[in-house]
Amino acid sequence: MAEKKLVEAITSMSEDFAQWYTDVVKKAELIDYSNVKGCMVIKPAGYAIWENIQKRLDERFKAVGVENVYMPMFIPESLLQKEKDHVEGFAPEAAWVTYGGSSPLQERMCVRPTSETLFCDFYKGDIQSYRDLPKVYNQWCSVVRWEKETRPFLRSREFLWQEGHTAHATADEAEERTEQMLNVYADFCEEVLAIPVVKGRKTEKEKFAGAEATYTIEALMHDGKALQSGTSHNFGDGFAKAFGIQFTDKDNQLKYVYQTSWGMSTRIIGAIIMVHGDDSGLVLPPEIAPTQVMIIPIQQKKEGVLDKAYELRDRLKNFRVKVDDSDKSPGWKFSEQEMRGIPMRVEIGPKDIEAGKCVICRRDTREKIEVELEKLEETVAGLITKIQADMLDRARKHLEEHTYTATCREEFEKIFSQKTGFVKAMWCGDRSCEEEIKENMGVSSRCMPFNQECLSDTCVYCGKSAKKMVYWGKAY
RNA sequence: CGGGGUGUGGCUCAGGUGGUAGAGCGCUACUUUAGGGAAGUAGAGGCCGCAAGUUCAAGUCUUGUCACUCCGACCA
């Protein structure tokens, strides 16, 4: 966190975290509010981040055999209704199309809130033999959920995401794929976004509508609230039975397929903001930053300064680098670079040129480093790696320092009344108990982590015998 | 879906008891500046969210309506 706030336009985190978030989103020019309620205009700076996320995630998908497709954006009502739990889960927030031009439709269609039903309908006709399996498809698209309260990136009525949908011959294979994709997300978050996550399984109450099991990665924001950052669902053969997706196996028996789905959305940009940002604005990990280095000329109208800046840019062509040659003052440009979260800037002015040096300033620590011009490339390369690693370390430290343990109800309630973060505690496994915790304490189960520990023998809330260790927290 | 708040230049807002529209910032041009949001001069920009009503006269009063926003419940 920044010690000193240099830009007045951004509310400090400690004063009002929600306002800070909005200020950062606006000042970094990631989005603009649109006149369409609950929808946002993603501006170049924001969309470029999403493009990098797409690129880096998509290459990881391809490496594990995923193929991209595109499905219709409309779902006829009858199709949506085929799986009972699924309809109940999504109908309340569906947007309906009832007219085509001026004539009413014979059957209304919803704008996809998610595409399980479309993939199932397609797979039903496309899969006949075990030779057609597995299907490992993904689509990049937008979906619509009629949210009542919206916030940039975290919750909007339309958002961008990818949704993977697979079909397999066996339950084991489906389970394997579910876990594999969760790991792809977790690795992506840590290695590319520098966001450490807790991997685990959702409780029955929190799982996806229609799923047999939902796995999740949970990240912890700066204010101690949790953000579900990616999910992977194992559907078993539930959807296959509802939609009649059958294939003839090697033994000439007709069988139902086993399915999975998994997704990550633009919401993850909210996580980047709230995990790494500080009081001066956005802080982007170099791996995902659309611009990694901003070169800022000082006294740029002096002979040779701009030329030198362009020369440095050309030397750094292996990185994503730009020169801010606008007619603003240097101080303005510094602030601008910081609000936008550009990982480092290179300051170059007459004094530097004379001394054969430049000044590099890291965005994450604001440390200023004097660098010999001959060593520019290697210094920048080193800093990119260093900043990325340091950001992950700091985020991990924050996660660890805000993860508490409770073994009795009194302790459990005390922690949440005083602090925000994750609380690890044992749970009996009863839905009613979980609901009571939500009701009385305002915290939900985030996940049952894969790394289980036995903290005690009894449920932290009701005292019955404990079945699972759960991460609890307030969530976005 | 329940509760609160706000609508006046691009943005943030000021406009007691009704009298015909203002400031700061931003924007445009020029000049001087330049190592942490520089300064001067000159400009451009508003049927005051919308619709009725009261009145000689409505940004201001009445009613309705729409939009946005915040806090809860529901959700990625």
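Trainee: What share of the contacts in chain A with a separation of 6 or more comes from residues 24 or more positions apart?

Mentor: That share is 69%. Keep in mind that we're looking at a predicted model.

Trainee: Okay, what makes a residue in chain A count as buried, and what percentage is buried?

Mentor: The cut-off is 20 or more other C-beta atoms within 10 Å of its own. Of the 476 residues in chain A, 43% are buried.

Trainee: How do you know what radius of gyration to set chain A against?

Mentor: For 476 residues, a compact globule would come out near 23 Å. Chain A has 25 Å, so the value agrees with that of a compact globule.

Trainee: Which residues have a pLDDT under 50, and why be careful there?

Mentor: That's residues 1–6. The scale runs from 0 to 100 and gives the predictor's confidence in each residue.

Trainee: What domains does the assignment give for chain A?

Mentor: Domain 1 covers 17–71 + 115–276, domain 2 covers 293–383 and domain 3 covers 403–473.

Trainee: How many residues does each side bring to the contact of domain 1 with domain 3?

Mentor: Domain 1 brings 16 residues and domain 3 brings 16 residues. On the domain 1 side, β9 (198–201) and β10 (213–220) each supply at least two, and β9 gives the most, with 4 residues.

Definitions and conventions: Residues numbered from 1 in each chain as written. Chains lettered and ligands numbered in written order. Predicted model: local features only at pLDDT ≥ 70, side-chain atom pairs only at ≥ 80, totals over all residues. Contact = placed C-beta atoms within 7 Å. Rg over C-alpha atoms; globule rule 2.2 N^0.38 Å. Buried ≥ 20, exposed ≤ 12 C-beta atoms within 10 Å, placed from the backbone. Domains from an automatic or database assignment.
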